[in-house]
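Hello,

Here is the structure I promised to pass on. Please open it first, then read my notes below.

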Amino acid sequence: MRKIFWKVFFGSLFITLLFALLLLLFFVPSLKRSAVASEARLLRSMSEALTPLVVAKFQEGDQGSLSSLLKSVAQRGRVRITLLSPQGQVLADSSSFKGPWEIHLDRQEVGEALKNREGRSLRMSTTLKEKMLYVAERIEEGGRVLAVLRLSLSLKEVERLTAELERKIFLFSLLALLFVFGASWLFARSLSKPLEDLREAAERVAQGDYSTRLHPRSRDEVSLVAESFNSMTEGINALLGEVREERDRRETILRSLPQALGVVSERGEVLLANQAMERAAGGPLVGEVLTERFRMAGMDELLTKSRK
């Protein structure tokens, strides 16, 4: 029954570990992707709202006013905003970085925006040295590309929240594992203990103890087996009682007869003898060979005929 216990026990632990592993490998990355997508939608909405203002300032040709606008919006939205020329040159930027500026034409989001109107990328910023989410949009006027408006957002908060979530999932999994450890041990024990009791009871019955009974503590399939076992042993015990009563009745009748009478096996051993026969033999006869105790002429021939 130990095999059943360990199968149930380790099976429960394995399922719990598998569930925790699936959470860490699939749920957390999926949640992170969802958070990044949500931030990208936010940047895109800000870009759409900012584009008309940028076009107006751009047409005025006031570089200082354009930079102030970008800084004001970026500060309220906690984002970084960069305005690029179609050649990838920085026209204005909301950060405090003074330059020199790199040509941004090779940036993924800028290339996609110039080609497809919108672009997006997730990478390390060469300026800020941290992981950023970039969303870029092409600005057109009269069919002519004026600039590329790019908004970026640091993913520090997303990374922090993801790390915090991973830590909480790990702690939850550890607590769940401890709980399942105890619960599965109790469950496996409750399943294997009745089966172990049933095995021990069957061994006692095999040794001749037909008074053995099981006492199930629950109402389940195992308890039904235990009740069937009890019914079986009760039936066997009742049948043996009837056999013993019949045997005792026949022995009583046999021993009460005044004539010498006995029962002999095919090998000539005395199986049963009444008092009259034992008195004639001068002692107990059961288990003795009849022809050795009664050496009379014709005894062997008489036994041979009785076997036929």
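R33 is exposed, because its relative accessible area is 55%. (Exposed means over 50%, buried under 20%, and partly exposed in between, using a 1.4 Å probe and protein chains only.) R33 sits in helix 1, residues 2-60.

Some background. This is a predicted model, where local features need pLDDT of at least 70, side-chain atom pairs count only at pLDDT 80 or more, and totals for chains, interfaces and linings use all residues. Residues are numbered from 1 along each chain as its sequence is written, and side-chain values use heavy atoms, leaving out hydrogens and water.

Now the sheet. It is open, with five strands in the order 2-1-5-4-3 and antiparallel pairing. Strands pair if DSSP finds at least two bridges between them. Helices (H or I, at least four residues) and strands (E, at least two) are DSSP runs, numbered from the N terminus. Strand 2 (90-93) and strand 3 (118-124) are at the edges; each has a single partner strand, so one side of each has no neighbour in the sheet. From one strand to the next, the twist averages 20°.

Strand 1 (residues 80-84) pairs with strand 2 over three bridges, in the antiparallel sense. L84 has V90 in strand 2 as its bridge partner.

Helix 2 (residues 63-77) packs on the sheet and touches strand 1, strand 2 and strand 5 (144-154). Contact means heavy atoms within 4.5 Å. The direction of helix 2 makes about 50° with that of strand 2. Axes are lines fitted to C-alpha atoms, for helices over the stretch in contact, and angles run from 0 to 180 degrees between N-to-C directions.

Best wishes
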